[in-house]
Amino acid sequence: MDTLRRLRGPNNEGILALVLLSLFVTMSTLSPAFFTVGTAFSILRSATVPLIFALAVLIVIVSGGIDVSFAAVAIFSAYTAVSFAITTAPELPALVIIALALAIGAVLGLINGVVIARYRLPTLIVTLGTQGLFVGVMYTYIGATYYAQLPPSLAALSSLSVLDFRTETGRASLHVMAVVAIGLSVLVWWMLTKTMFGRSLYAIGGDAEAARRAGFRVMRTQILMYVLVGVLAAIAGIAHMVMGRSANPQDLVGNELDIIAAVVLGGASIFGGRGSVLGTVMGVLLIQVINNSLLLAGVPSAWLRAAVGFLLIVGVGVQAVTARKKARRVHTLDEPKAEHVVKGGAS
């Protein structure tokens, strides 16, 4: 039993790995072209932006909150930086444009953090409000022009690959942004598991009041967390524009459900206090593999949304059933003690 429990993992990562492996074997059997290096790199490329988003959502969910404004933060920060570079200084280096986007993302995250932490408001309501606010401000003051060409320095990143070689089925290339996403995954894993800041997020997600009484500085931690989420969202926005080779202010917003579903499927508890980077990575890959598999099978794209919604219901349902079973086990253990006390008092 201990071996099975270890294989299953603290957040059911083992079960998720088994599901992923089954999908790979099934799709490789149905379509030999699926099990190739080119397909693997293609899945990594399509998972790059969702993975960076999922890391941001994981941090919020671990702390007991939910954020639906990350896509609006991403498009606002990246589009504003790119628009400024195109209209004012086209020759700006890529690092300066990226730094500008990260600074904007940090400010937008700070707004979320201050409102949520200072006034102790529900995270879903606040981020729903700021989502509309950020998009409205962007359309009003930044613009809604579609840029088919990025500034030259960013455009150079669009075609930059870490690995690029010819295979039997065509060329296989690993985009540099996919490596950035992998590096960020390692960084967030280290932050959540090896630092006091990460432990404080789990403590706040488990019970914010208990964490406060234990000495954790809840307000400061929540504000810093939303600043970090804003920075991660800005990186995702820049990665989206670099890999898409264009800047469209109408992109990204509206796909939040896929990201939240991937994080929940990865074992993160919507009640807070539980979740891992490994599970999140596998959750994102699972969504991407299912989408690719359904497209290869000729399933209409409208059903992709239905599949993601179904997976989200399954993920949340499994968590609710597991939590109910744990509650029943606690009741069964405590019940004899209660009876013993009553009997003792009566005698």
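Where in the structure is the place of Leu252? Select Leu252 and take a look: you'll land in the loop between H11 and H12. Keep in mind as you click around that this is a predicted model.

**Stop 1**

While Leu252 is selected, check its backbone. Its phi is positive, about 75°, although Leu252 is not a glycine. Is Leu252 buried or exposed? Its relative accessibility is 11%, so Leu252 counts as buried, because the cut-off for buried is under 20%.

Now select Arg245, which is found in the loop between helix H11 (218-244) and H12. Here is another positive phi in a residue other than glycine, this time near 60°. Arg245 has a relative accessible area of 48%, so it is partly exposed.

**Stop 2: helix H12**

Next, select residues 256-265, which make up helix H12. How many of the 10 residues of H12 are buried? Nine of them are, so the helix is largely enclosed by the rest of the structure. Then step just past H12 to Gly267, where phi is positive at about 105°.

**Stop 3: between two strands**

Jump to Glu168, in the loop between strand S1 (161-167) and strand S2 (170-175). With 86% relative accessibility, Glu168 counts as exposed. Glu168 and Val37 are 131 residues apart along the chain, and their C-alpha atoms are separated by 9.9 Å.

**Stop 4: annotated spans**

An unreviewed UniProt entry gives the annotation "transmembrane region" to several stretches, including 68-86 and 92-111. Select residues 68-86: this span is 89% helix and 0% strand, with its end C-alpha atoms 29 Å apart.

**Stop 5: a charge and a ring**

Finish by showing the side chains of Arg118 and Tyr119. What sits over the ring of Tyr119? The charged end of Arg118 does, 5.5 Å from the ring's centre.

Key. Residues are numbered from 1 along each chain as its sequence is written. This is a predicted model: local features need pLDDT of at least 70, side-chain atom pairs count only at pLDDT 80 or more; totals for chains, interfaces and linings use all residues. Side-chain values use heavy atoms; hydrogens and water are left out. Buried means under 20% relative accessible area, exposed over 50%, partly exposed in between (1.4 Å probe, protein chains only). Helices (H or I, at least four residues) and strands (E, at least two) are DSSP runs, numbered from the N terminus. UniProt positions are given in the numbering used here, feature names are shortened, and annotations may be inferred rather than shown by experiment. A charge sits over a ring if NZ of Lys or CZ of Arg is within 6 Å of the ring centre and within 35 degrees of the ring normal.
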